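Visitor: Hi there! Could you walk me through this one while I look at it?
Guide: Happy to, let's open it up.

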Amino acid sequence: MIQDRLKKIEEIKHSVGLNKKSSQKEKADSVEVFRSLVRCTERSQAELLEVMEEKQKAAERQAEEFIKELEQEITELKRRDTELEQLSHTEDHLHLLQVYLSLCSPPLTKNWTEVRINTHLRVETLRRALSQLQEELSKEMEKIPEIKMKRIQQYAVDVTLDPDSAHPELILSDDGKQVRHRDEQQNLPDKPERFDRCPCVLGKEGFSSGRFYYEVQVRGKTEWDLGVTTESSNRKGEIIASPEDGYWTVILRNETEYKAGESPPVCLSLKQAPQKVGVFVDYEEGLVSFYDVEANSHIYSFTGQSFTEELYPLFSPSLSEGGKNSAPLIITPVKP
């Protein structure tokens, strides 16, 4: 009992150390996100002030042009007023008749009644700037899933397929990283851990603590199953994949039908078909999550689970359907 408790103390200390490292990384990522948001806001503010300053200068230039034009008209009007004043005192009636028409014709001047300099703040300018800021902030917010994916990917583990668990119709690659279905059974010993009806295979390595993550390429497939299962889960006969039976899976059927293996199954609506699926497990938190790796988007999560035994990665390329679904599932290296 003493040894068990000393071991548990070491486990707790180790968990605290891992949590501290994770927390520091999360803090650094959060600070960088907020710095980016602040930079966007400051840049938007500077651009708005620059636009407003330019509008003010444009208004001043326009005012100067108006004043110059008005002063020119005043000069011309004064000249004509002087000539008229002089003409009013002339006794030369012939001269009066000669210049009358030119002096009495309307001067070439502008109607200044409706001419104004706009002194009001243009709300449209502010609204446009805020709209642009919103777009910039949205772009920054879109980076958060990418940051989360990078954080999850640091828990990547090397998964290799276990031939002793593989259904007899499954073909595994020599390196244990690929699996596909073939409509022909191999003569293999019927071991307790081998699937005998469902075309599934497990990873060799089991996990009973901490966090782990791996990625699987599903490109070109019309059906597949991915997830984790317990060490003691049933491998024989027809299997209904649900947490109650020790299976946490997401599946694809009929090319476009995605479901989470709850009881009853939950239909998933995805914006696009994942080409590579990431599987993340937090043993202590009772969490199994699935991600579209290339889109940096979340697919589904089983939460609040209680794990008490080793968990093994689960793969099913499903039936080949005469070659339609013959593409393999491929365990790919994780590239943060």
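Visitor: Let's start with a pair of strands. How do strand β9 and β10 pair, and over how many bridges?
Guide: They pair in the antiparallel sense, with 6 bridges between β10 and strand β9, which covers residues 276–282. Please keep in mind that this is a predicted model.

Visitor: What does β10 pair with in the antiparallel sense over 5 bridges?
Guide: With strand β11, residues 297–302; β10 itself runs over residues 287–292. Two of the facing pairs are worth a look: S289 is opposite S301 in β11, and F290 is opposite Y300 in β11.

Visitor: Is β10 mostly covered or mostly open?
Guide: Mostly covered, with 5 of its 6 residues buried.

Visitor: What about the hairpin of β10 and β11, how many residues are between the strands?
Guide: Again you'll find 4 residues between the strands, and there N296 has a positive phi near 50°. N296 is not a glycine, and its place is in the loop between β10 and β11.

Visitor: Is N296 buried, partly exposed or exposed?
Guide: N296 counts as partly exposed, because its relative accessibility is 25%, and the buried class is kept for values under 20%.

Visitor: Which residue has a positive phi of about 65° although it is not a glycine?
Guide: That one is S318. You can find S318 in the loop between β12 (311–316) and β13 (329–332). S318 has a relative accessibility of 8%, so it counts as buried.

Visitor: Changing topic: which peptide bond is cis?
Guide: Look at the one from S263 to P264, where omega is near 5°. P264 belongs to the loop between β7 (257–260) and β8. As a reminder, most peptide bonds are trans.

Visitor: β8 brings me to sheets. What is the order of the open sheet of 6 strands?
Guide: The order is β3-β12-β5-β6-β7-β8, and the pairing is antiparallel.

Visitor: Which strands stand at the edges?
Guide: β3 (201–202) and β8 (266–268) do. Each of them has a single partner strand, so one side of each is left without a neighbour in the sheet.

Visitor: Now the helical part. Where is the place of E69?
Guide: E69 is in helix α1, which runs over residues 2–87.

Visitor: How far apart are E69 and I9?
Guide: In sequence they are 60 residues apart, and in space 89 Å, C-alpha to C-alpha.

Visitor: What is E69 in contact with, leaving aside its neighbours within four places in sequence?
Guide: K110 and W112. E69 has 28% relative accessibility, so it counts as partly exposed.

Visitor: Let's zoom out. How many helices and strands does the protein chain have?
Guide: It has 3 helices and 13 strands.

Visitor: What does the radius of gyration say about the chain?
Guide: The protein chain has 39 Å, whereas a compact globule of 336 residues would have a value near 20 Å. Along the principal axes, the C-alpha trace spans about 135 × 60 × 35 Å.

Visitor: What share of the residues is buried?
Guide: Buried residues make up 34% of the 336. The accessible surface of the chain is about 21500 Å², and 52% of it belongs to carbon and sulfur atoms.

Notes: Residues numbered from 1 in each chain as written. Predicted model: local features only at pLDDT ≥ 70, side-chain atom pairs only at ≥ 80, totals over all residues. Heavy atoms only, no water. Rg over C-alpha atoms; globule rule 2.2 N^0.38 Å. Buried < 20%, exposed > 50% of the residue type's maximum accessible area, 1.4 Å probe, protein only. Areas by Shrake-Rupley, 256 points an atom, 1.4 Å probe, with all protein chains shown as cover. Pairing = 2+ DSSP bridges. Contact = heavy atoms within 4.5 Å.
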